Amino acid sequence: MDVTKGFFGRSRERDPRLPPGQYDTGSGWPVLTAEATPSIDTADWTFAMKGLVGQRTTWTWDEVQALPPSTYEGDIHCVTTWSKLGVSFAGVSVDTLLAAAGGAQPSATHVLVECHTGYTTNLPLADVTGGKAWLTWEFDGQPLAREHGGPARLLVPHLYFWKSAKWASALRLLDHDEAGFWEQNGYHDRGDPWLEQRYQGD
Ligand SMILES: Nc1nc2c(c(=O)[nH]1)N[C@H]1C(S)=C(S)[C@@H](COP(=O)(O)O)O[C@H]1N2
Ligand SMILES: [Mo]
C-alpha cells in the first residue's frame, strides 16, 4: 500500500548517524558562544591537568603540539538539534594528557573543564578517558577557527556539544560532581544525545 511504502521510504532517508530529534546541518557549522570570543595568542596559551592527578602539569602550546597526536573522525551533536556528520578533528587524546600528569588519583570520579574565558562544564571521569575525549586544534585539516574555540578546544563527541568546551584551559579532577555553566542553567548533567538527555529531568 502507498502508506506503507511512504513510511518505509522516509525511514530509509533518515541518516542512522543522526540521534533522535537531530537534523543534519550539512556544510554549515553554527557558532554557539555564551561569552565574547577571546583572542588568545598561542604564545600566551597554556593547558593544565590539575586537582586529583598524580602531579599537576601545565603545557605550553609548543609542548602540547609535541605530544603523540590523535584524531577523531565522526559526528558532533548540539543540544539545539543540529548535528554535523563526518567531521575530523586533530589534537591529543585526554588519555595522553592524563598519563603525562601521572594519572588520576583513586578518589577522582569527575572532571570540571575550565576555559580561558570562565566557561565551565562537568563530566564523569569515565566520559573523558578510554579514547572518548580530545584536546583539539585542527578541524578538517585546518587550524581550528577562533569562533569555534581556537587555538584549542575540548572535544567530547559522544555527548552533546556543550561538553566540548571552547578555549579550554584545564581539566580539574574532582572526587565529586560539580555543575558547570549550562548544567547550572538547566541543561542535563550528562547529555547523551542517543538518550536525548537535553535538560534536567530528561
Ligand atoms: N567556552 C565555551 N565553550 C562552549 C560554549 C560556550 O558558550 N563557551 N558553548 C557550548 C555549546 S552550547 C556548543 S553547542 C558548542 C558550540 O561550538 P561551536 O560554536 O564551535 O559550534 O560549544 C560549546 N562550548
Ligand atoms: Mo549547544
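Tyr 72 lies in strand 4 (strands are DSSP E runs of at least two residues, helices H or I runs of at least four, numbered from the N terminus). The model is predicted: local features need pLDDT of at least 70 and side-chain atom pairs 80 or more, while totals for chains, interfaces and linings use all residues. Residues are numbered from 1 along each chain as written, chains are lettered from A and ligands numbered from 1 in written order, and side-chain values use heavy atoms, without hydrogens or water.

Is Tyr 72 buried or exposed? Tyr 72 is buried, because its relative accessible area is 14% (buried is under 20%, exposed over 50%, partly exposed in between; 1.4 Å probe, protein chains only). Trp 134 is 62 residues away from Tyr 72 along the chain.

Strand 4 covers residues 70–77, and strand 5 covers 82–93. Thr 80 sits in the loop between them. Thr 80 has a relative accessible area of 37%, so it counts as partly exposed. The side chain of Thr 80 makes a polar contact of 3.3 Å with the side chain of Trp 82 (a pair of N or O atoms within 3.5 Å; within protein, one able to donate a hydrogen and the other to accept it, with sequence neighbours counted only if both atoms are side-chain atoms).

## Ligand 1

Ligand 1 has 21 residues around it (each with a heavy atom within 4 Å). Pro 30, Ala 34, His 148, Arg 153 and Lys 166 come nearest.

Glu 35 is another, with an N or O atom of its side chain 2.8 Å from a ligand nitrogen. Arg 153 also takes part, through a polar side-chain atom 2.8 Å from an oxygen of ligand 1. Taken alone, ligand 1 exposes 530 Å², and the protein buries 98% of that (Shrake-Rupley areas, 1.4 Å probe).

Asp 140 lies in the loop between strand 8, residues 134–139, and strand 9. The phi angle of Asp 140 is near 45 degrees, a positive value in a residue other than glycine. Most residues other than glycine have a negative phi, and most peptide bonds are trans. Asp 140 is partly exposed, because its relative accessible area is 44%.

The following loop joins strand 9, residues 142–143, to strand 10, residues 153–155. Pro 151 is in this loop.

## Between strands 10 and 11

Strand 11 spans residues 168–174. The loop between strand 10 and strand 11 holds Ser 164 and Trp 167. Ser 164 is buried, because its relative accessibility is 2%. A polar atom of the Ser 164 side chain lies 2.9 Å from the backbone nitrogen of Val 156.

Trp 167 has a relative accessible area of 1%, so Trp 167 counts as buried. Trp 167 also has a positive phi of about 55 degrees, although it is not a glycine.

## Two glutamines

Gln 55 is in the loop between strand 2, residues 46–51, and strand 3, residues 57–60. Gln 55 is partly exposed, because its relative accessible area is 43%. Gln 105 is 50 residues away from Gln 55 along the chain. The C-alpha atoms of Gln 55 and Gln 105 are 9.5 Å apart.

Gln 184 lies in helix 4, residues 181–184. Gln 184 is exposed, because its relative accessibility is 56%. Gln 184 and Thr 120 are 64 residues apart in sequence. In space, the distance from C-alpha to C-alpha is 10.0 Å for Gln 184 and Thr 120.
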